[in-house]
Amino acid sequence: MSFNNLLTSRLEGTDNTEVVVSHVVVPPGTTLPRHWHPGEEFAYILEGSVVLWQEGQAEQVFRKGAACMVPLKRVHTVRTGKEGAEILVFRIHESGQPERVLVE
């Protein structure tokens, strides 16, 4: 998996909140570890597709051109099929918090 933070910036008009923009490439046939974020996560699928699993929700498939959102601290994961996926990810969270917390 390739994960490149393109931008990290304080969110204007808020106290101690930042936005992180990342370019993520998930290889074919990959399932990411279950995890959560200390903020909200928004994703736009640039290429390929992903299956998004979120705790308490039915799985959803998102293909090229689709956008999705993962709520604050919701445990989730994605998996890819034969083509993998290229994703633009936006996260908004409290400054200084970890980007993700793995769940065993």
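Does Lys-82 count as buried, partly exposed or exposed, and at what relative accessibility?

## Lys-82

At 81% relative accessibility, Lys-82 counts as exposed; the cut-offs are over 50% for exposed, under 20% for buried, and partly exposed in between, with a 1.4 Å probe and protein chains only. Lys-82 sits in the loop that links strand E7 (76–79) to strand E8 (85–94). Its C-alpha atom is 4.9 Å from that of Pro-28, a residue 54 positions away along the chain.

## Basis of the model

This is a predicted model, in which local features need pLDDT of at least 70 and side-chain atom pairs count only at pLDDT 80 or more, while totals for chains, interfaces and linings use all residues. Residues are numbered from 1 along each chain as its sequence is written, and side-chain values use heavy atoms, with hydrogens and water left out.

## Fold and dimensions

The protein has nine strands and zero helices, giving the pattern β-β-β-β-β-β-β-β-β along the sequence. Strands (E, at least two residues) and helices (H or I, at least four) are DSSP runs, numbered from the N terminus.

The radius of gyration is 13 Å, which agrees with the value near 13 Å for a compact globule of 104 residues. This radius is taken over C-alpha atoms, and the globule rule is 2.2 Å times the number of residues to the power 0.38. Along the principal axes, the C-alpha atoms fill a box of roughly 40 × 25 × 20 Å.

## Burial and contacts

Of the 104 residues, 36% are buried. Among contacts (heavy atoms within 4.5 Å) between residues at least 6 apart in sequence, 68% join residues at least 24 apart.
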